[in-house]
Amino acid sequence: MSAESNALTIRSTKVSNALELLNKRDRELRSEFLVEGAHGVEEVIAANLAKQIFVTKEFALANNVLMIKAANARISIFETNPIAIEKLSETLSPQGIVAVAAYVAKDLEKEDLLNANFVVVLSNVREPGNAGSIIRVADAAGADLVIFAGTCVDPHNGKVVRSSAGSIFNVKVRQADDVAETLRALTQTNHNIYIADGNGQMSWSDIDLKNPVAWVLGNEAWGVSNEDAPVGQRVAIPIYGKAESLNVATAAALCLYETAKSRAGN
């Protein structure tokens, strides 16, 4: 713990500064974001991205191993009262620990594409839970790069971070302003571009998933427009029951695991 004798309160300057990170504008200005919960904080420590940790006395006493990891990483740790922790948290039942972390989702550069064989592109995906779940499944399926393109939700949004279950610290995440421009750049790096589309004329059996590939997952309401995807092939996920469509995170899981399965030789 820090040398401060009393627990920080909501009026503390350090807490006030951290509270600003609940706003997207302040996150962007400072290139920092908040991570809450034991698992998330453990992941951010392992990624060497943690800058500060606010923790209740009760949590610290009950989680000695995690606190030792933080201390060994020379992260500033501040005992903080439960009311302040609640304000820093976005969940209904905070665990008692919140970290300030350095940004992970930087601006996309060509080198990112050159170094990635298995890419996932989110096209204007705005629901935080879906975005975080896609990061999680991309990590699990072995993707190299996840790109938030167009008017996507902020990757550092608290619900995105929590829904990723720590995977946002395991897989490279980047941001790009324009979907079409991103897809054109992927063609220049010889990636096969496949757009998940319920009305697509192609199926998994028609496409090559072993060479460099980029899967494009669209907005929850309107998918991926022709304007946003001037290149690429539209691929339909088979539906055997009466459902009209799939949630974008579910579609991502199927597409990405089909890719992983193909690459494993199955």
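This briefing describes the overall build of one protein chain and then looks at several of its residues.

The structure is a predicted model, and its chain holds 11 helices and 11 strands. The domain assignment divides the chain into domain 1, which covers residues 13-102, and domain 2, which covers residues 106-264. Of the 266 residues in the chain, 49% count as buried.

**Overall size and surface**

- For a chain of 266 residues, a compact globule would have a radius of gyration near 18 Å, and the 20 Å found for this chain agrees with that expectation.
- Taken along the principal axes, the box filled by the C-alpha atoms of the chain comes to roughly 65 × 35 × 35 Å.
- The chain exposes about 13,100 Å² of surface, and 45% of this area is supplied by carbon and sulfur atoms.
- Among the charged side chains, 25 are positive and 31 are negative, and the centres of these two sets lie 3 Å apart.

**How the chain is put together**

- The C-alpha centres of domain 1 and domain 2 are separated by 30 Å, while 13 residues of domain 1 are in contact with 11 residues of domain 2.

**Two loop residues with positive phi**

- Asn48 sits in the loop that links helix α3 (38-46) to strand β2 (50-55), and its phi is near 60°, a positive value in a residue other than glycine.
- Because its relative accessibility is 67%, and exposed means over 50%, Asn48 counts as exposed.
- Arg74 is placed in the loop between helix α5 (64-72) and strand β3 (76-79), and although Arg74 is not a glycine, its phi is positive at about 60°.
- Arg74 has a relative accessibility of 77%, and therefore it counts as exposed.

- Arg234 belongs to strand β11, which is made of residues 233-235, whereas Ala236 is found in the loop between β11 and helix α11 (248-263).
- Once neighbours within four places in sequence are left aside, the residues in contact with Arg234 include Ile195, Asp197, Gly200, Gln201 and Met202, and they also include Val224, Ser225, Asn226 and Ala229.
- Arg234 and Ser203 are 31 residues apart along the chain, and their C-alpha atoms are separated by 8.6 Å.
- Ala236 touches Asp197, Gly198, Gly200, Met202 and Ser203, when residues up to four places away in sequence are not counted.
- Ala236 and Gln201 lie 35 residues apart in sequence, and the distance between them in space is 6.6 Å from C-alpha to C-alpha.
- Ala236 has a relative accessibility of 15%, and because buried means under 20%, Ala236 counts as buried.

**The surroundings of Ala7 and Asn81**

- Ala7 lies in the segment that comes before helix α1 (13-19), and with a relative accessible area of 27% it is partly exposed.
- Apart from neighbours within four places in sequence, Ala7 is in contact with Glu79, Thr80 and Asn81.
- Asn81 is placed in the loop between strand β3 and helix α6 (82-88), and, with neighbours within four places in sequence left aside, it is in contact with Ala7, Leu8, Thr9 and Thr56.
- Asn81 and Asn63 are 18 residues apart along the chain, and their C-alpha atoms are separated by 16 Å.
- Ala7 and Ala260 are 253 residues apart in sequence, and they are 48 Å apart in space when taken from C-alpha to C-alpha.

Key: Residues are numbered from 1 along each chain as its sequence is written. This is a predicted model: local features need pLDDT of at least 70, side-chain atom pairs count only at pLDDT 80 or more; totals for chains, interfaces and linings use all residues. Side-chain values use heavy atoms; hydrogens and water are left out. Helices (H or I, at least four residues) and strands (E, at least two) are DSSP runs, numbered from the N terminus. The radius of gyration is taken over C-alpha atoms; the globule rule is 2.2 Å times the number of residues to the power 0.38. Buried means under 20% relative accessible area, exposed over 50%, partly exposed in between (1.4 Å probe, protein chains only). Accessible areas come from the Shrake-Rupley method with a 1.4 Å probe; for residues, only the protein chains shown count as cover. Lys and Arg count as positive and Asp and Glu as negative; His and the chain ends are not counted. The place of a charge is taken as NZ of Lys, CZ of Arg, CG of Asp or CD of Glu. Domain bounds come from an automatic or database domain assignment. Contact means heavy atoms within 4.5 Å.
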